[in-house]
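Visitor: Could you walk me through this structure slowly, one question at a time, and show me how each answer is reached?

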Amino acid sequence: MLTVRTAGESHGPTLIALVEGLPAGLALDCAAIDAMLARRQRGPGRSKRQQIEVDRVEVLSGVKGGRTLGSPLALAIRNRDASMETLPNPPAPRPGHADLAGAYKYTSRDLRAVLERASARETAARTAAGAVAALLLREFNIQVVGHVLAIGGDRAAAAEVTLESCTLRDSSPFASLDPQADARWAQAIERAAAAGETLGGLFEVVGLGVPPGLGSFAQFDQRLDGRLAASLMSIPAVKGCEVGLGFAAAERLGSEVHDAIEVLPGAPWGGLHRPTNRAGGLEGGVSNGQPIVVRAAMKPIPTLKKGLPSVDLRSGSAVPATYQRSDICSVPAASVVGEAVVAFELARAFLEKHGGDTLDDVHQSFLRWRKRAQEIVGDGLESP
Ligand code: EPS
């Protein structure tokens, strides 16, 4: 099974991602991993930390001659700001952060010890792991595209996500598909900065070319929609997510929600066509051959310059929450992390169905299944 564990503190020496379960023979394109790490650092409204750090992957194990060995892959990202041992211990927990909940959990007032691991800096390691998963998916013409849909309640114009969208997205400072929204959002960030505020937003992740049959309805925790939702909800500051029509489906009639099935000779996966994709590519917890479409809502970062009402844990007096530095908005960064975690979960589901020790085994398994899938309409599958 494909798994990832991460380790490392926000201002410790190194962030680590330990990826297990990759087939041997995958070319590990470190430039592609670094490009995704760089995208995660971008975006107006990010804190000065991103000017200090230049996130680059170091491969510590699992690769020989540029290709995976099938053994555990250890990825490292060094922190330039590795000042954890000398940074002060904030006296007053930040509402909305893990500070107070973590203090209760460890029955300690050492909020520094809590926030160092709770920080969203951890997502750099998960982004590196997701970039590796994206390399595996690319072998099978599967592409995962994350983009920003809204900031501070102001939505971008609706846009269809295709492979070509990445060029437009990568030219946008906000990782969006709407240059006009970018201009408005830049002003919103300036206003928020002047007011000592922070801004949240929405992002979408689309999986293109995902074959049908990934995930399972056979057991609740194998459902791919649930697994994708768990991945998205594990991103710091994400408070909600939806698949396809999502919450809007609850307000429509059944005939306005489900996607008709039509025969269209030449259509992928056996000549069946779905004229709409309201299901977001998932039916019964299994991919159905349509693009996977998931969205997540990110709350505003809880570290505010103006300091939310809090309490000094030692004296018990009311004080503003401790402020050192923070992002005003990191929705563009979260969209990259979303892309990474979705890529990882799709790669995991792909290898569950088509796995093998070597990349060649995986290709063989996929080709065998694809040949059978082409026979889904007609009497092909019934023949001996
Ligand atoms: C982050 C690095 C952090 C924060 C941010 C994410 O840098 P520092 O704490 O040194 O200023 O900018 O962390 C949070 C948003 C958070 O809530 O902890 C990064 O590299 O993504």
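**Around one arginine**

Guide: Let us begin with Arg-40, which, once its neighbours within four places in sequence are left aside, is in contact with Arg-46, Gln-50, Asp-55, Ala-120, Arg-121, Thr-123, Ala-124, Thr-127, Ala-333, Val-336 and Val-337. Please keep in mind throughout that this is a predicted model.

Visitor: In which helix is the place of Arg-40, and is Arg-40 buried or exposed?
Guide: The place of Arg-40 is in helix α1. Its relative accessibility is 2%, and a residue counts as buried when that value is under 20%. Arg-40, in helix α1, is therefore buried.

Visitor: How many salt bridges does the count come to?
Guide: The rule asks for a side-chain nitrogen of Lys or Arg within 4 Å of a carboxyl oxygen of Asp or Glu. By this rule the count comes to 21 salt bridges.

**Salt bridges across the sequence**

Visitor: How many residues apart are Lys-306 and Glu-197?
Guide: The side chains of Lys-306 and Glu-197 meet in a salt bridge, with 2.7 Å from N to O. Lys-306 is in the loop between β15 (292–298) and β16 (309–311), while Glu-197 is in the loop between α7 (179–194) and β9 (201–208), so that the pair links distant parts of the chain. Lys-306 is partly exposed, with a relative accessible area of 47%, and Glu-197 also counts as partly exposed, at 29%.

Visitor: Which strands hold Arg-295 and Glu-242, and which of the two counts as buried?
Guide: These side chains meet in a salt bridge with an N to O distance of 2.8 Å. Arg-295 lies in strand β15 and Glu-242 in strand β10 (residues 238–243), so the pair ties together parts that are 53 residues apart in sequence. Glu-242, at 21% relative accessibility, counts as partly exposed, and the cut-off for buried is under 20%. The strands are thus β15 and β10, and the buried residue, at 15%, is Arg-295.

**How helices pack**

Visitor: Are α1 and α5 roughly parallel or oblique to each other?
Guide: Helix α1 (residues 30–41) and helix α5 (residues 123–138) pack with their axes 9 Å apart, at an angle of about 140°. An angle has to be under 35 degrees to count as roughly parallel and over 145 to count as roughly antiparallel. The helices α1 and α5 are therefore oblique.

Visitor: In what crossing does α1 pass α5, and how many nonpolar residues are in the contact?
Guide: The crossing is right-handed. On the side of α1 the contact is made by Ala-32, Ile-33, Met-36, Leu-37 and Arg-40, and on the side of α5 by Thr-123, Ala-124, Thr-127, Ala-128, Ala-131, Val-132 and Leu-135. With two polar residues and one charged, the number of nonpolar residues is nine.

Visitor: Are α10 and α11 roughly parallel or roughly perpendicular to each other?
Guide: In the contact, Phe-350, Leu-351, Lys-353 and His-354 of α10 meet Val-362, Ser-365, Phe-366 and Trp-369 of α11. Helix α10 (residues 331–354) and helix α11 (residues 359–373) pack at an angle of about 75°, with their axes 9 Å apart. Since angles from 65 to 115 degrees form one class, α10 and α11 are roughly perpendicular.

**Positive phi values**

Visitor: Where does Asn-141 lie, and is Asn-141 buried or exposed?
Guide: Most residues other than glycine have a negative phi. Phi of Asn-141, however, is near 60°, a positive value. Asn-141 lies in the loop between α5 and β7 (143–151), and with a relative accessible area of 68% Asn-141 is exposed.

Visitor: What is the phi of Ala-237 near?
Guide: Ala-237 lies in the loop between α8 (224–233) and β10, and at 17% relative accessibility Ala-237 counts as buried. Its phi is a positive value in a residue other than glycine, near 80°.

Key. Residues are numbered from 1 along each chain as its sequence is written. This is a predicted model: local features need pLDDT of at least 70, side-chain atom pairs count only at pLDDT 80 or more; totals for chains, interfaces and linings use all residues. Side-chain values use heavy atoms; hydrogens and water are left out. Helices (H or I, at least four residues) and strands (E, at least two) are DSSP runs, numbered from the N terminus. Buried means under 20% relative accessible area, exposed over 50%, partly exposed in between (1.4 Å probe, protein chains only). Axes are lines fitted to C-alpha atoms, for helices over the stretch in contact, and angles run from 0 to 180 degrees between N-to-C directions. A crossing is left-handed if the near helix is turned anticlockwise from the far one by less than a right angle, and right-handed if clockwise. Contact means heavy atoms within 4.5 Å. Ala, Val, Leu, Ile, Met, Phe, Trp, Tyr, Cys and Pro count as nonpolar, Asp, Glu, Lys and Arg as charged, and the others, Gly among them, as polar.
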